[in-house]
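Student: Please pick one part of this structure and go through it closely. I would like each term given with its cut-offs.

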Amino acid sequence: MPKIKSIARSPHIDMTPMVDLFSLLLTFFILTATFRPVDPAKLTIPNSVSEKVAPDNDIMTIFISTDKKIYFNFDNGKDTSKHFRAELLKAMATQYKINFTPKEITQFSRKSSFGMPMAYLKQWLNTEDSKESDKFQVGIPTDSIDNQFAWWVRSARTVNSQAQVAIKADGDAPYPVVKKVLDLIQKNGINKFNFVTTYDKQEVGIKDIPKQ
Amino acid sequence: MGEVVTEEKAQKGAKKRPKKHPGRIDMTPMVDLMCLLLTFFILTAAFSKPKIMTITMPEKDDNTVPPKIDARRTLNILLTDSDRVYYYVGAIEPGKPQPQFVRSNFSKDGIRKVLLLKNKDLFTKITEYNESRVKGKIHVSDAAADEHIKSLKKDDNVGPIILIKADESAKYKDIVSIVDEMAITNIASYAIVDLSSVEKTLLKAQPR
């Protein structure tokens, strides 16, 4: 009896539909992707049951790290042609009588969060190396003699009156620092705060009410 | 002559004739790369939206007189270091016996039980309303439901008024946790206020 020989042939799978699908999904994700901006410090965000999503625009974010350092971020607004960040830097330049070159202003509007005294700002903007420039991030001063943080908030509010306030603080940040920040912001007439949290579902029903 | 032409034609045709099977392109590396990029974009994009918890603080104005609140409805929550939570009902008034501080914590059976018990009526109303929405008994939009819950909270005049007070050793996460408890137990009115000096001393005197 002759043996039935199976012809050795590498099976060819037609991958075209798969590639089609992948390119479609990939295009979709690339177009919709909004990149998470890098936090200026490592922050462990506390949990809450809030499902409200943070707005993308018109928001000033205040970062508070465990070591009491304060950082600030401000967006260009929904209509980026308004250049809110550049306007903010110009307002601060007038306040502190520092002249920024147009190049430094563009550089500032490209960067995200920052946290340094005004004196370091110029150097920070002119440092190309990210490791080098991180050395200037020592926190915004909030002392009563020269409260630069209050000025940042005030200028940001003047530049964009729609801007909301978001607090992104490490869970272990001491309360007095947070309170100081809240007080300073309240002095600028803002009473609504958004705490950035991570969502953590909690199931509580009527049966959970203790019987006296 | 004619022969030559046909020969040439035939030769040309043989040269130009396309292969019956067009060369297959191996798409596996391309698929690999796309898979990788796709995974990357899914992981970075889909879960990157941060959540926020909104809180409105009482206006800070030296000229406004703080509103008079019923002491029996007031529940003071005091926060201090190492996740300790204390609460007491009413207000500390000179000449009257000082209220007893009760120790609690942020666990499920801690301060939440106290708040639920205090806020029983409003909590039941809101939970029943939400449940009937989930079950499909009432059909309303999310905005209308929020509006309804807001009005329920506004009309509530028996529920507790919570005063959240934290001392210097409290952490930011304690504040977030307690405000979160307010959201969980549907407390209508609460505020973050400063500790009085009497409370500060009493809080310091509490055993660890």
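This is a predicted model: local features need pLDDT of at least 70, side-chain atom pairs count only at pLDDT 80 or more; totals for chains, interfaces and linings use all residues.

Tutor: Buried means under 20% relative accessible area, exposed means over 50%, and partly exposed covers what lies in between, with a 1.4 Å probe and protein chains only. Residues are numbered from 1 along each chain as its sequence is written, chains are lettered from A and ligands are numbered from 1 in the order in which they are written.

A pair of aromatic rings is described by the distance of the centres and the angle of the planes. Rings of Phe, Tyr and Trp (for Trp, the six-membered ring) pair if their centres lie within 6.5 Å; planes under 30 degrees apart count as stacked, over 60 as edge-to-face and the rest as tilted. Over all chains, the search of the whole structure finds 11 aromatic pairs. One of them is the edge-to-face pair of B:Phe40 and B:Phe41, with 5.3 Å from centre to centre and 75° between the planes. B:Phe40 is partly exposed, at a relative accessible area of 42%, whereas B:Phe41 is buried, at 10%.

B:Tyr88 and B:Phe101 form a stacked pair, at 5.2 Å centre to centre with 5° between the planes. B:Tyr88 belongs to strand β3 (residues 85-89) of chain B and B:Phe101 to the loop between β3 and β4 (102-104) of chain B, so this pair ties together parts that are 13 residues apart in sequence. Strands here are DSSP runs of E with at least two residues and helices are runs of H or I with at least four, numbered from the N terminus. Both B:Tyr88 and B:Phe101 are buried.

Chain A has an aromatic cluster, formed by A:Phe72, A:Phe114, A:Trp124, A:Phe149 and A:Trp152. A charge also meets a ring in chain A: the charged end of A:Arg154 sits over the ring of A:Trp151, 4.8 Å from its centre. A charge counts as sitting over a ring if NZ of Lys or CZ of Arg is within 6 Å of the ring centre and within 35 degrees of the ring normal.

Terms used: Side-chain values use heavy atoms; hydrogens and water are left out.
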